Amino acid sequence: MGLPPALQRAPLPIIGAPLFIISNPKLVIAQCQAGVIGSMPSLNARPASQLDEWLAEITETLAAWDRDHPDRPAAPFAINQIVHKSNDRLEQDLQVCAKYKVPIVITSLGARVDVNEAVHGWGGVVLHDIINNAFAHKAIEKGADGLIAVAAGAGGHAGVKSPFALVQEIREWFEGPLALSGAIGSGAGVLAALAAGADFAYIGSAFIATEEARASDAHKQCIVDSNSDDIVYSNLFTGVHGNYLKPSIRAAGLDPDHLPESDPTKMDFGGGEGAKKAWKDIWGCGQGIGAVKAVVPAATMIARLVGEMQAARRRLGLPA
């Protein structure tokens, strides 16, 4: 099974993961222009009416780029939709995505037939993120076109499966589009994801430390200064287990090494002000940030990844 046409248009085998609060049109455009599928959560647009403005900006800017650079067209972009029942904006945001015929929709926190059918109705592709093989089966059964395997070490909400085990199990039965997430911050990690059987590496945390990202300077510098030892896995902040930066937890007055468990039935995934405050103060982050050494433009970081991929291929005796 080949990749859908929208995914075939990606010059590089990389998807920039949607970063709650942090991703914005500026970052998405920079990622796409540099050959990476850029993405952002629809809930980052506040108020909801801003989503229309942002999608207009992204589509118009990328169309202009393609006209001016016919030999170097931009990668397609994606919008992330939280399909959990607590997201009361979902229907409205989907209508805006339909207006602009968003080429790729990334769905999270529950697979839904009606959402997949809506995206297919305007010709879009649905990638659903999952943390285990059972959820992967459910997503495809409900009509998702592809999967994002969120393995151990991924930033924000993440699973505990080894990326190699998770990809191997999925590839036993699924030949469609597959992205792998989990502590990928280097070009060698991208190549490893492809060797394991994925079509794309799914990278989020490294893009926080870019000039275009809508994160505080302190957050960006914390990414640069930290490594995998500075990541803690907890369900306290949203009710779903995820990886977070220890310094941000300490700054909030909590002990990152002795966090209580949360009651998931009382949490809100709809992106309301409570969730927004939690993610603003407690910084989600994956284990792959040891490869991030400076805050740079997104294009510079992507160029680093490409160079590291080429170096890794040479080490293996593969053609560049």
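Colleague: What covers the buried residues of α7?

Modeller: In this predicted model, helix α7 spans residues 163-171. Its buried residues are covered by elements that include the helices α6 (133-141) and α8 (187-196). Strands also contribute to this cover, including β5 (125-130), β6 (146-150) and β8 (178-181).

Colleague: Which residues of helix α7 are buried, and why are they on the same side of α7?

Modeller: An α-helix has 3.6 residues a turn, so residues three or four places apart point the same way. In α7, the buried residues are Pro163, Leu166, Val167 and Ile170. They lie on the same side of α7 because they cover an arc around the axis of only 95°.

Colleague: In what order do the strands of the open sheet run, and which are the edge strands?

Modeller: The open sheet is formed by 8 strands with parallel pairing. Their order is β1-β9-β8-β6-β5-β4-β3-β2. From one strand to the next, the twist averages 25°. Pairing on one side only identifies the edge strands, β1 (14-16) and β2 (38-41).

Colleague: Which residue in β9 is the bridge partner of alanine 179?

Modeller: Strand β9 comprises residues 200-203 and runs parallel to β8, to which 3 bridges join it. Within β9, the bridge partner of alanine 179 is phenylalanine 200.

Colleague: What angles do the directions of α3 and α7 make with those of β3 and β8, respectively?

Modeller: Helix α3 (residues 50-68) packs on the sheet, where it touches β2 and β3 (77-82). Helix α7 also packs on the sheet, in contact with β5, β6 and β8. The direction of α3 makes about 160° with that of β3, and the direction of α7 makes with that of β8 about 165°.

Definitions and conventions: Residues numbered from 1 in each chain as written. Predicted model: local features only at pLDDT ≥ 70, side-chain atom pairs only at ≥ 80, totals over all residues. Heavy atoms only, no water. Buried < 20%, exposed > 50% of the residue type's maximum accessible area, 1.4 Å probe, protein only. Helix = DSSP H or I, 4+ residues; strand = E, 2+ residues; numbered from the N terminus. Arc of directions from axis to C-beta. Contact = heavy atoms within 4.5 Å. Pairing = 2+ DSSP bridges. Axes fitted to C-alpha atoms, helices over the stretch in contact; angles between N-to-C directions.
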